[in-house]
Amino acid sequence: MRNRRFPASEAHRLDLPARRIWLPPADVLGAMAVQSGQTIADVGAGTGYFSLPLADTVGLQGKIYAVDAQNEMLTLLRQKLDEAAIPNVELIHAEAGNTTLPRCSCDLFFAANVWHEFEDRGSVLKEAARVLKAGGQVAILDWRTDAPSEPGPPLDHRLDSSTAAYALHSQGFQNITVAHIGLYSWLVQGEIKP
């Protein structure tokens, strides 16, 4: 399989103002029903497009694990956290299928715009099941196959939301929902058995 990982050299694209128009973080957080006090794994956190609003929403009683496999991305995110004095985000340098997070530690396992990059999606969902608390949620946000190729990845890299929903179902997640969000994305969510 070709390398589909978003290059750190293009990190500036993750913070373009236009992105807030076609993928408003508040809409995504609202769809996931993020609440104060939650502990959330933001897997593939990049430069913190979602980590920062998640940290604000969960408040000081909550915690965000910003997981990314690229040190360059985490360095950029660290700069933002330091500038804004945000204390409730912990940076984790790890792959999505082996986050090193404690077992049963998270209320939500969130993977935004990286599902199409994973070579072993089953291992990512097994890791989600491992780190989620009983009744915890997994949320996968990625690019629609019927949307324009710009601003996202090439169309041949994208996966339909039904493949994510089926993957969740096959790994034992329940109460699976699928929705379009923003201009170009889908959001698939599921709950781990209590």
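**Note on cysteines, aromatic pairs and nonpolar cores**

1. At 0% relative accessibility, Cys106 is buried (buried is under 20% relative accessible area, exposed over 50%, partly exposed in between, with a 1.4 Å probe and protein chains only). The model is predicted, so local features need pLDDT of at least 70 and side-chain atom pairs count only at pLDDT 80 or more, while totals for chains, interfaces and linings use all residues. Residues are numbered from 1 along each chain as its sequence is written, and side-chain values use heavy atoms, with hydrogens and water left out.

2. The whole structure contains 0 disulfides (a disulfide is a pair of cysteine sulfur atoms within 2.5 Å). Cys104 is in no disulfide, and the nearest cysteine sulfur, that of Cys106, is 9.8 Å away. That distance is too far for a bond. Cys104 is partly exposed, at 42% relative accessible area.

3. There are 5 aromatic pairs (rings of Phe, Tyr and Trp, the last by its six-membered ring, with centres within 6.5 Å; planes under 30 degrees apart are stacked, over 60 edge-to-face, and the rest tilted). Trp22 and Trp143 make a tilted pair, 5.4 Å centre to centre with 45° between the planes. This pair links distant parts of the chain, 121 residues apart: Trp22 is in helix α1 (residues 17-22) and Trp143 in strand β5 (residues 132-143). Helices (H or I, at least four residues) and strands (E, at least two) are DSSP runs, numbered from the N terminus. Trp22 is buried at 13%, as is Trp143 at 6%.

4. Tyr49 and Phe50 form an edge-to-face pair, 5.0 Å centre to centre and 90° between the planes. Tyr49 is buried at 3% relative accessibility, and Phe50 is buried with a relative accessible area of 3%. Ring pairs also join Trp22, Trp143 and Tyr184 into a cluster.

5. The largest nonpolar core has 29 residues; Leu101, Phe109, Trp115, Leu125, Val138, Ile140 and Phe173 have the most contacts inside it. A nonpolar core is a set of buried Ala, Val, Leu, Ile, Met, Phe, Trp, Tyr and Cys residues joined through side-chain atoms within 4.5 Å. Elements giving two or more residues to this core include β1 (39-43), β4 (106-112) and α5 (121-131). A second, separate core of 28 residues includes Trp22, Val58, Leu77 and Ala139.

6. Leaving aside residues up to four places away in sequence, Phe173 touches residues including Leu125, Val138, Leu168 and Ile192 (contact means heavy atoms within 4.5 Å).
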